[in-house]
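Subject: Structure handover

Hello,

Here is the structure we talked about. Please open it beside this message; my notes follow below.

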Amino acid sequence: MRTFDFPLPGSPDCENFVSTRCNASVTEKSPLFGLDGEMCITSKGRELTRISLVAEGGSCLMDELVKPDEEIVDYVTCYSGITEEMLKPVTTKLKDVQRRLKALLPPDAVLVGHSLDVDLRALNVIHPYVIDTSLLYARERGRRFKLKFLAKAVLGKDIQCSERDGHDPTEDAAATLELAQYFLKYGPKKVAELNLEALWRAQDPRNARQKFQYTYRGALRSFDPGHHKLLFVSRETDDIELPSPEDCETIKCLSNREVFERARRQVRLYPFSVIRFSLEPFSPLLTEEVNRRMRIKWTEMSTIYAGPLSKDWDLSALKRLFRSFGPVRTMSAVLETHRPHLSIEYEVLEAAQLAIECLNGLLVEGVHIKVQRPVTELTLDCDTLIKELERDSENRETIYLSGVGKDFLGHIQELPSLFGGLEAVIVPPDAQSGRQYILFIVLLGRFQT
């Protein structure tokens, strides 16, 4: 139970958990109870919204809707079957379910579930005797079959049918209970004869493809010579090849928000962790739009401008120079500026960056060139325009002050003491509006050195 992150007394994240007080000795005659819960995502993380308890023989002892303490941010209806309308009249809280569960379970009760650690954590309950069918029918390298597949392959039953939204926890709890009873009755040899791995691959040809192959085992040896376990947190929908249980603790979640919440609690307990967030698939139109924008942005980032060039610049020599940093897609002259410039678009971003770092300020044919990005042709003459403004007689006795906030206006009266011979201060009208943007203040006067 410690290996697979079941809530246990004394665990650092179980201080507020309730114990079922079931402490009698377990025997072959101890009763089994199927347990399954459905969760929604709240601002706190995954919280219980429905719980079912089924006894041997299939009788349902408890099937309760539960209202979380925190505000629900995602009902996850496609999994939980829970909607806002269903929970509106509900007054049952988690503590009510905990009390009822403690009253229903005898001292030697064995709880059965599929990924039961998740349900017990949602219940904030500690129980000492468990059978987890996701571990009982473990796949190769410690991966787990889905409950729906096991119910069909082992019991010949169809559960979690697509025509209704979400799962029925009573149906799931009964299925886990029957799976445990089948294993106890026929033993692991009979289960091995079912060849569940082959059935799973035959069920859908896509299952035979290994989408991801990670060499976690070697990485673990490098990061942790003490052979402590790796933590892997991802969404339930992610199909990923995982290492064996002795190397990796796997936590599957319903949403990226829950991935974050579980990781925040668990990462500190492991020396090395992998946290995987998943993107929902985009619509074709949105995908094309995102691709278009990325192509534009990539082109902008891969394009650099070099100049100004001398009047007698040698295009062939410059081509050789810039191609030495990587493959060039296009190279063109910019002649609309005061002095010629070159626009170079590289095929790879690294080449553009390398050219900037190596060529900026270089003396080329008697001229120190600037190599920069991202700019447009309109800004290439910026330095030239500034120098022309400096030479303009109208600006000889003027200072343009920028980068000051609106609070600076309250200190204008102090400026005469800072600038001798001050004649006037001109403030743009927008500065009076109170908006939070840069002010431009013009100081006029004959200043003394």
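S343 is buried, with 12% relative accessible area. Bear in mind throughout that this is a predicted model. S343 sits in strand 14, which covers residues 341-346. Setting aside neighbours within four places in sequence, S343 is in contact with T303, I304, Y305, T330, M331, S332 and V334.

D119 is also a residue to look at. Its relative accessible area is 4%, so D119 counts as buried. D119 belongs to helix 4, residues 116-123. Apart from residues up to four places away in sequence, D119 touches L35, D36, G37, M39 and H114. E47 is 72 residues from D119 in sequence, yet the two C-alpha atoms are 9.7 Å apart in space.

**Salt bridges**

Side chains of opposite charge can pair when their charged atoms come close. The count here is 17 salt bridges.

Start with E178 and K157. They form a salt bridge, and the closest N and O atoms are 2.5 Å apart. How accessible is E178? E178 has a relative accessible area of 27%, so it is partly exposed. K157 is at 37%, so K157 is partly exposed as well.

Next, E289 and R292. Their side chains meet in a salt bridge at 2.8 Å, N to O. Both residues lie in helix 11 (residues 284-301). They are 3 residues apart, about one turn of the helix. E289 is partly exposed, with a relative accessible area of 26%. R292 is partly exposed at 36%.

Then E288 and R295. This salt bridge has its closest N and O atoms 3.2 Å apart. E288 counts as partly exposed, at 44% relative accessibility. R295 is partly exposed too, at 46%.

Which residues are linked in a network of salt bridges? They are D5, D13, R121 and R262.

**Aromatic pairs**

A pair of aromatic rings is described by the distance of the centres and the angle of the planes. The structure holds 3 aromatic pairs. One of them is Y137 with F183, an edge-to-face pair. The ring centres are 5.6 Å apart, with 85° between the planes. This pair links distant parts of the chain, 46 residues apart. Y137 is in the loop between helix 5 (133-136) and helix 6, and F183 is in helix 7. Are these two buried or exposed? Y137 is buried, at 2% relative accessibility. F183 is buried, with a relative accessible area of 16%.

Y182 and Y186 form an aromatic pair that is tilted. Here the centres are 4.6 Å apart and the planes make 50°. Why are Y182 and Y186 about one helical turn apart? The two are 4 residues apart in helix 7, so about one helical turn separates them. Y182 is buried, at 15% relative accessibility. Y186 is partly exposed, with a relative accessible area of 41%.

**A sheet and the helix across it**

Strands of a sheet pair through backbone hydrogen bonds, either parallel or antiparallel.

Strand 9 (residues 230-235) pairs with strand 10 in the parallel sense, over 6 bridges. For R235, the bridge partner in strand 10 is C253.

Best wishes

How values were computed: Residues are numbered from 1 along each chain as its sequence is written. This is a predicted model: local features need pLDDT of at least 70, side-chain atom pairs count only at pLDDT 80 or more; totals for chains, interfaces and linings use all residues. Side-chain values use heavy atoms; hydrogens and water are left out. Buried means under 20% relative accessible area, exposed over 50%, partly exposed in between (1.4 Å probe, protein chains only). Contact means heavy atoms within 4.5 Å. A salt bridge is a side-chain nitrogen of Lys or Arg within 4 Å of a carboxyl oxygen of Asp or Glu. Rings of Phe, Tyr and Trp (its six-membered ring) pair if their centres lie within 6.5 Å; planes under 30 degrees apart count as stacked, over 60 as edge-to-face and the rest as tilted. Two strands pair if DSSP finds at least two bridges between them.
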